[in-house]
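Here are a few notes to read alongside the model. Take them in any order you like.

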Amino acid sequence: MNKSKFNPELYKCKAISLADNKTVLNGYYSYHSSGSYSDHSILVDEYDDEIGRVYANMYEINPYTICRNTGIKINNDYLYEFDLVLYRNGLSRPELGYVDFDDFQKSYVLRTSLNYTSYKELRLFDLEKVGNIVLSDDDYKRMQEYSDQRDSNYSPEPKVECRSTQRLNKLAKQFLPR
């Protein structure tokens, strides 16, 4: 039997409050549905100085802004889904990307563009969290501008075959049916 310590922080998520559409809440997600009414909420632990105790409050949230905890820590802070990060591989200059869950890989990956679905593995890079594209319009605009600029500079290199490959291809073509 595994006796690892239970970590409730791994079950937290972030989302934007429905009350003012600005406040970012961090807590435990809750969903309630009855008939045609449904309620998406976050349970937040708060500390009250007057009574000197921690109590829980439920806040209604926008369900389209939910960001799940990835379980990955960077500088003692958890990385959440859709977090905007600077990543670098070795001595290369930092590039921008965001954390997303890839259904095919069944894991969190680093998306390098909003325009394409390309990804890189998170574990390969040194990461620095700089924002969240779902929780901040400014961060989303920053990532979109970066994606557009990066895509405009991209030009695929022509594939050049070496002489031995050209010769083998020429020989192989003579055996193909006409």
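**Notes on the sheet and the rings**

1. At 56% relative accessibility, Tyr 11 counts as exposed, and Phe 6 is exposed too, at 58% (exposed is over 50% relative accessible area, buried under 20%, partly exposed in between; 1.4 Å probe, protein chains only). Their rings form a stacked aromatic pair, 5.7 Å centre to centre with 20° between the planes. Rings of Phe, Tyr and Trp (its six-membered ring) pair if their centres lie within 6.5 Å; planes under 30 degrees apart count as stacked, over 60 as edge-to-face and the rest as tilted.

2. Before going on: this is a predicted model, where local features need pLDDT of at least 70 and side-chain atom pairs count only at pLDDT 80 or more, while totals for chains, interfaces and linings use all residues. Residues are numbered from 1 along each chain as its sequence is written, and side-chain values use heavy atoms, leaving out hydrogens and water.

3. The structure has three aromatic pairs. One of them is edge-to-face: Phe 101 with Tyr 108, 5.2 Å between centres and 75° between planes. Phe 101 is partly exposed at 26%, whereas Tyr 108 is buried at 18%.

4. What lies over the face of Phe 101? That's Arg 68, at 5.4 Å from the ring centre (the rule: NZ of Lys or CZ of Arg within 6 Å of the ring centre and within 35 degrees of the ring normal).

5. Now the sheet: six strands, open, in the order E4-E3-E2-E1-E5-E6, with antiparallel pairing. Strands E4 (53–60) and E6 (77–80) are the edges, each pairing on one side only. Strands are DSSP runs (E, at least two residues), numbered from the N terminus, and two of them pair if DSSP finds at least two bridges between them.

Terms used. Helices (H or I, at least four residues) and strands (E, at least two) are DSSP runs, numbered from the N terminus.
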